[in-house]
Amino acid sequence: MVAAAALVRQLHEAARGYAPAHTEFRFRPYPPRAGEIVSHGDLGPWNTVYRDGLPVAFIDWDAAGPIDPLLDLAAAAWAFVPLAPPEQLREAGFSPVPDVPARLRLFVDAYGISDRHTILPALHRCKLLAAERIKYHPVNAAGAADALEHIARELRWLHAMTLELDGAL
């Protein structure tokens, strides 16, 4: 997880200053705005190449597009920390269930963020952005509703955990 955060930082540093010639991105078809970079768009363990157990590269760039680096870091935190309630972590195979607030702090520290607390509103905003992107997914109305309900559960969990996460940061 720590190495993944460092790899995200390397990606963000490499992307700074990149001005794409073509801006027909899948989810955000416009050129990067001030402060945005072109990034992966779906950072997580499922799109990461590992060597000797450590992340070394990201693959599957079909969701790439402009994004605020802090929002991209927040989205990566949801996947790599991972941010989820204990029952979901148990179902995913975590035993024992990890200390999520402590892991979030390690993740943002490994990235090198200057003010750890800025990650909290970014965690909320990246989920709202995910909800907005559902309109681009090839799903019917029921599938879109399921996706929105999943995001709503994540946001309710985050709201309930905000004080604990803030205290750990």
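Pro-96 sits in the loop between α3 (86-91) and α4 (100-111). Helices here are DSSP runs of H or I with at least four residues, strands are runs of E with at least two, and both are numbered from the N terminus. The peptide bond from Ser-95 to Pro-96 is cis, and its omega is near 0 degrees.

A word on the source. This is a predicted model, where local features need pLDDT of at least 70 and side-chain atom pairs count only at pLDDT 80 or more, while totals for chains, interfaces and linings use all residues. Residues are numbered from 1 along each chain as its sequence is written, and side-chain values use heavy atoms, with hydrogens and water left out.

Back to prolines. Another cis peptide bond joins Val-81 and Pro-82. Its omega is about -25 degrees. Pro-82 lies in the loop between α2 and α3.

Next, the aromatic rings. How many aromatic pairs does a search of the whole structure find? The search finds two. Rings of Phe, Tyr and Trp (for Trp, the six-membered ring) pair if their centres lie within 6.5 Å. Planes under 30 degrees apart count as stacked, over 60 as edge-to-face, and the rest as tilted. Phe-80 and Phe-107 form a stacked pair. Their centres are 6.3 Å apart, with 20 degrees between the planes. Phe-80 belongs to helix α2 and Phe-107 to helix α4, so the pair ties together parts 27 residues apart in sequence. Are these two buried or exposed? Both Phe-80 and Phe-107 are buried. Buried means under 20% relative accessible area, exposed means over 50%, and partly exposed is in between (1.4 Å probe, protein chains only).

Now the core. In soluble globular proteins, nonpolar side chains tend to be buried together. A nonpolar core is a set of buried Ala, Val, Leu, Ile, Met, Phe, Trp, Tyr and Cys residues joined through side-chain atoms within 4.5 Å. The largest one here has 36 residues. Those with the most contacts inside it are Leu-83, Leu-104, Phe-107, Ile-119 and Leu-123. Which helices supply at least two residues each? They are α1 (2-15), α2 (69-80), α4, α5 (119-133) and α6 (141-168). The largest share, seven residues, comes from α2.

Take Leu-123. Contact means heavy atoms within 4.5 Å. Setting aside neighbours within four places in sequence, Leu-123 is in contact with Ala-74, Ala-77, Trp-78, Leu-83, Leu-104 and Leu-158.

On to the loops between strands. Asn-47 is in the loop between β1 (37-39) and β2 (48-51). At 3% relative accessibility, Asn-47 counts as buried. Not counting residues up to four places away in sequence, Asn-47 touches His-40, Asp-42, Ala-57, Phe-58, Ile-59 and Asp-60.

Ile-59 is partly exposed, at 41% relative accessible area. Asp-60 is partly exposed as well, with a relative accessible area of 41%. Asp-60 is not a glycine, yet its phi is positive, at about 65 degrees.

Asp-52 also has a positive phi, near 55 degrees, and is a residue other than glycine. Where is Asp-52 found? Asp-52 is in the loop between β2 and β3. Its relative accessibility is 80%, so Asp-52 counts as exposed.
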